[in-house]
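Q: Could we go through how the ligand is held here? I would like to take it step by step.

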Amino acid sequence: MREIFVLVEHRQGKIRDITYEMLEAGEKLASQQGASSTAVLLGHNVKNFAEELAAKAAKVLVVEDVQLEHFNSMPYQKVLCSLIVKYQPFLTLIGHTAFGMDLAPSLSVEMGFPLVTDCIGLSFEESRWKAVRSIYGGKVNANISMRESKGYFATLRPGVYSPGAPKGKKGGIVIESSPLQEAIDIKKFIEYIEAPIAGEDITQAEIIVSVGQGIGGPEQIPMIEEVAKSLGGVLACSRPVVDRNWLPKERQVGISGKTVKPKVYIAIGISGAFQHVTAMQGSETIIAINKDPRAPIFGVADYGIVDDFQNVIPLLKEKPKGMK
Ligand SMILES: Cc1cc2nc3c(=O)[nH]c(=O)nc-3n(C[C@H](O)[C@H](O)[C@H](O)COP(=O)(O)OP(=O)(O)OC[C@H]3O[C@@H](n4cnc5c(N)ncnc54)[C@H](O)[C@@H]3O)c2cc1C
């Protein structure tokens, strides 16, 4: 049976969310093709990851090598090429992340297979792979048709596919020996340095009250921050709020800011541009307050309040009777 490869992305002892999103996408595409999806796990001492992934993928292909412990596109490329030559998957999915952007182009050149980057949709129609890419800052969607080839590569934009719940399937774990014979030292992993978090880390918050340009000005912020605190949450914002210096950059949610997945996300005066929504649509419950009933934010909201935020904020400040 033909396969779709999904390259597992892991860092600092954790499988990254994009892996689960790609597994879901890979599973859907594979079932349409009568094929199966395979999680390709490259690393060192990654037995625990393999077991975790076996609940999600039909098969987990593992290559362990000390040179694969941390992501490095050079050994990764060598190992992936040898696996692709051996198993001949018709499609290999890679995350459109710093990791994937480093690896995918050279892999595509090495294998001579087409690559479509930053896909927000993939399908197989009229005997061809087709991809959708969002271009010009999300204003236009381009439909791409790929030329005929033995194999294809696609990098998927994070946050587009939701990671499905574990299916409880016990996929087989296949261990392949590493084809790396000698040390590759042209490019070396030295150290992973986490970007310093100044002030509040919005990515860890369970409740986020997020403000957009629709609040009108920075003078509204203290009142909204008070509401956020009384709910046990933190304040975040859309990009124009940062551009206008109403709040610092570390509070920005969006493709050029932070990705958040709180239990509750309250969007106040935010229109719901794709660049914002991509990074907050994984929130458990989204509440939108916007005076325009046609604002796109209502498309992702679980609850919507169509009103001027000035009328709603005082109500949010009132605690129901009996609540401490
Ligand atoms: C390359 C690129 C990267 C980007 N990255 C990001 C990013 O990381 N994060 C991000 O957020 N954006 C980003 N953007 C910008 C994005 O395209 C939007 O312009 C932005 O998200 C809009 O912000 P907003 O919703 O606050 O403002 P607007 O689009 O102006 O929306 C304001 C909303 O407030 C509502 N409103 C007005 N007055 C009231 C009121 N009194 N009460 C209630 N509602 C009211 C309006 O109806 C409107 O819907 C990026 C753009 C590009 C091109």
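Q: Which residues come nearest to the ligand?
A: Of the 24 residues around the ligand, Gln213, Ser238, Gln252, Ser256 and Ser271 come nearest, where a residue counts as near if one of its heavy atoms lies within 4 Å of the molecule. This is a predicted model, in which local features need pLDDT of at least 70 and side-chain atom pairs count only at pLDDT 80 or more, while totals for chains, interfaces and linings use all residues. Residues are numbered from 1 along each chain as its sequence is written, and side-chain values use heavy atoms, with hydrogens and water left out.

Q: And what kinds of residues are in that shell?
A: The shell around the ligand divides into 6 nonpolar, 13 polar and 5 charged residues, with Gly counted among the polar ones.

Q: What about Asp308?
A: A polar side-chain atom of Asp308 is 3.2 Å from a nitrogen atom of the ligand.

Q: How much of the ligand gets buried?
A: The protein buries 76% of the 990 Å² that the ligand exposes when taken alone, with areas from the Shrake-Rupley method and a 1.4 Å probe.

Q: Changing topic, which residues lie nearest the centre of the second largest pocket?
A: They are Ser238, Arg239, Pro240, Ala273 and His276, out of 17 lining residues.

Notes. Polar contact = N/O pair within 3.5 Å; in protein donor to acceptor, adjacent residues only side chain to side chain. 1 Å grid on protein atoms, 1.4 Å probe; cavity = no way out; pocket = protein on both sides within 12 Å on 5 of 7 lines; lining within 4 Å.
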